[in-house]
Amino acid sequence: MRKLNKAAAVSLALALLLVMAAGCGKSELQAGKTSESPEGEPRREEIFIGIAQDIDDSLDPHLMTSAESRSVLFNVFEGLVKPTPDGKLAPAVAASYSVSETGDKFTFKLRSGVSFHNGDPVTTDDVVYSISRVAGLDTGTPLISAFSIVESVASPDDGTVVIVIGEANIEFLAYLTAAIIPKGYDSQETQPVGTGPYRYVSRSPQENIILERFDDYWGGATDIGRVTYRILDNAEALMMALRSGTLDFCAHLTATQMNELVGFDYNFVVGTMNLVQAVYLNNAVAPLDNETVRRALSHAIDRGEIMDVLSGGLGVPVGSSMYPAFTKYFSPELADYYAYDPELARQLLAEAGFAGGFELEIAVPSNHSPHIDTATVVVEQLREVGVTATIKLVEWGTWISDIYTGREFQATVVGVDASAMTARAMLERFESTNGRNFTNFSDAEYDEVFAAAIASTDDAEQVRLYKRLEAILTERAANLYIQDLCDVIAISKDVAGYEPYPMFILDISKLHFTD
């Protein structure tokens, strides 16, 4: 492959800056002014959003697996509290809450006038049912591991719910974003019902998902009446849709794709994706079960070149499983732990008994151009140290079933995000017994420190422990950490109101037409 030289990288970065210069805000990059609709033309009510992958087969919010599902269904479901763009938590189904001095009892006063999408009012019975279900109080198996500490959920009166946990936990409130759903309703997997600003209408697998404005939403009806998510898992089809103007909003574009769209009817926002992109390694498969081999691969990766190729150096380098939006937990110095050093990589491979290299298959979701481009660069870099890597493109559904769930892989390039605004949500997947530990990482010190971190009630101490977990992942070369990807978002000029969150979600309730 032809590497992007320094001059080409600088050229791409300058092109991005020229687009940015047209902007009129801190993060919004505008290509031109919004034109007014012709007088007398009916005001439109629908927007079309392009996404690169379908959501999960099950629409049950307590069983979500993929980040895309969380992003779409964020607008359909709400918890007792909900995240805000500044990384805090705001009351949602609950109007207010209090936490006991001992940190083990949470009391919520429910918001009056909250209705489900089927018209039924939200009651304390629904809340007790929802939290008990996630905590597995009836089955003994929590649907979300953080809820394993829940001891009881009760309603002392018609407007109050009390949750008691078995130990003080300063992170637990963030998990109470878990969806409140109607008790006794058994069709969540196919016809989900929540309390959010949009209600689910329909889906055509691999084609679209349709949501409509919920007029009785407690926070007030949204400006946009109907939202159609179009699933475009082919990069060329996606670009054709953008160039033809049939999409109003599309995130996770590359800088190159943005440059191809300059001059079309879009404004642009450039940020990061709030995830950790890495070559994730199956630590249970030879020769990747050898730490020396993993360290060698870490020295063989030139993260700077990868970032230059993908975005002219934009994005943020990471050295462990934490991205920058988790400010107090993020350790930027870990990105420099493994300097790019092909000679050292070859020495380490020889020490591990692989002086002649080995073959490595890298599985990559076929619908994610940034991950494919990254894998392409990685293949060339590994070849320089004697490792013959090949790319295996897989459909997203196959990636979920065979790689994430089945753990049948050697290496894969993806981005991993947080299911809740906690450090635990990023780091628990590497605890040896965690069901989401798809990389099969197993380390006694990690398990011990993780147990101490989630049990800590002192914020400073907990931060220290979480940072130690990140350092262990780096020191053990658990994965080949690369970056929090540059994220380019294209938005039609007559649509405004986009606000980024420190999570991989899109809040469409704030979008509105500018006319």
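**How the pieces pack**

Reader: Happy to start with helix 7; at about what angle does it run to strand 19?

Author: Bear in mind that this is a predicted model. Helix 7, residues 303–311, lies across strand 14 (276–281), strand 15 and strand 19. Its angle to strand 19 is about 40°.

Reader: What is the order of the strands in the open sheet of six?

Author: The pairing in this open sheet is mixed. Strand 15 (316–317) and strand 17 (388–394) stand at the edges with a single partner strand each, so one side of each has no neighbour in the sheet. The order is 15-19-14-18-16-17.

Reader: Which residue of strand 19 is the bridge partner of Val-316?

Author: Strand 15 and strand 19 (residues 479–484) run antiparallel and are joined by two bridges. Within strand 19, the partner of Val-316 is Asp-484.

Reader: Let's go to another strand. Which residue in strand 11 is the bridge partner of Ile-49, and which is the partner of Ile-209?

Author: Strand 2 (residues 46–51) runs parallel to strand 11 (residues 226–231), with six bridges between them. Strand 10 (residues 208–213) pairs with strand 11 in the antiparallel sense over five bridges. For Ile-49 the partner in strand 11 is Tyr-229, and for Ile-209 it is Tyr-229.

Reader: Back to helix 7, then. Is it oblique or roughly antiparallel to helix 9?

Author: The axes of helix 7 and helix 9 (residues 369–383) come within 10 Å and cross at roughly 140°. Roughly antiparallel would need an angle over 145 degrees. Helix 7 is therefore, relative to helix 9, oblique.

Reader: Which residues of helix 9 does helix 7 meet?

Author: The crossing of these two helices is right-handed. By class, the contact of helix 7 with helix 9 has six nonpolar, two polar and two charged residues. From helix 7 come Glu-305, Ile-306, Val-309 and Leu-310, and they meet Pro-370, Asp-373, Thr-374, Val-377, Val-378 and Gln-381.

Reader: What about helix 12 and helix 13: how many nonpolar residues does their contact have?

Author: Their axes come within 9 Å and cross at roughly 160°, so helix 12 (residues 444–455) and helix 13 (residues 459–475) are roughly antiparallel. The contact includes Tyr-446, Val-449 and Phe-450 of helix 12, with Leu-465, Leu-469 and Ile-472 among those of helix 13. By class there are one polar and two charged residues, and the nonpolar ones number eleven.

Reader: Is the crossing of helix 6 and helix 8 left-handed or right-handed?

Author: The axes of helix 6 (residues 291–300) and helix 8 (residues 342–351) come within 8 Å and cross at roughly 165°. That makes helix 6 roughly antiparallel to helix 8. Residues that meet here include Val-293, Ala-296 and His-299 in helix 6 and Leu-344, Leu-348 and Leu-349 in helix 8. The crossing is left-handed.

Reader: Finally, zooming out, what is the radius of gyration of the protein chain?

Author: The chain comes to 13 helices and 22 strands. The globule rule gives 24 Å for 515 residues, and the chain's value is close to that, so it is as compact as a globular protein of that length. Along the principal axes, the C-alpha trace spans about 70 × 60 × 40 Å. The radius of gyration is 23 Å.

Technical notes: Residues are numbered from 1 along each chain as its sequence is written. This is a predicted model: local features need pLDDT of at least 70, side-chain atom pairs count only at pLDDT 80 or more; totals for chains, interfaces and linings use all residues. Side-chain values use heavy atoms; hydrogens and water are left out. Two strands pair if DSSP finds at least two bridges between them. Helices (H or I, at least four residues) and strands (E, at least two) are DSSP runs, numbered from the N terminus. Contact means heavy atoms within 4.5 Å. Axes are lines fitted to C-alpha atoms, for helices over the stretch in contact, and angles run from 0 to 180 degrees between N-to-C directions. Angles under 35 degrees count as roughly parallel, over 145 as roughly antiparallel, 65 to 115 as roughly perpendicular and the rest as oblique. A crossing is left-handed if the near helix is turned anticlockwise from the far one by less than a right angle, and right-handed if clockwise. Ala, Val, Leu, Ile, Met, Phe, Trp, Tyr, Cys and Pro count as nonpolar, Asp, Glu, Lys and Arg as charged, and the others, Gly among them, as polar. The radius of gyration is taken over C-alpha atoms; the globule rule is 2.2 Å times the number of residues to the power 0.38.
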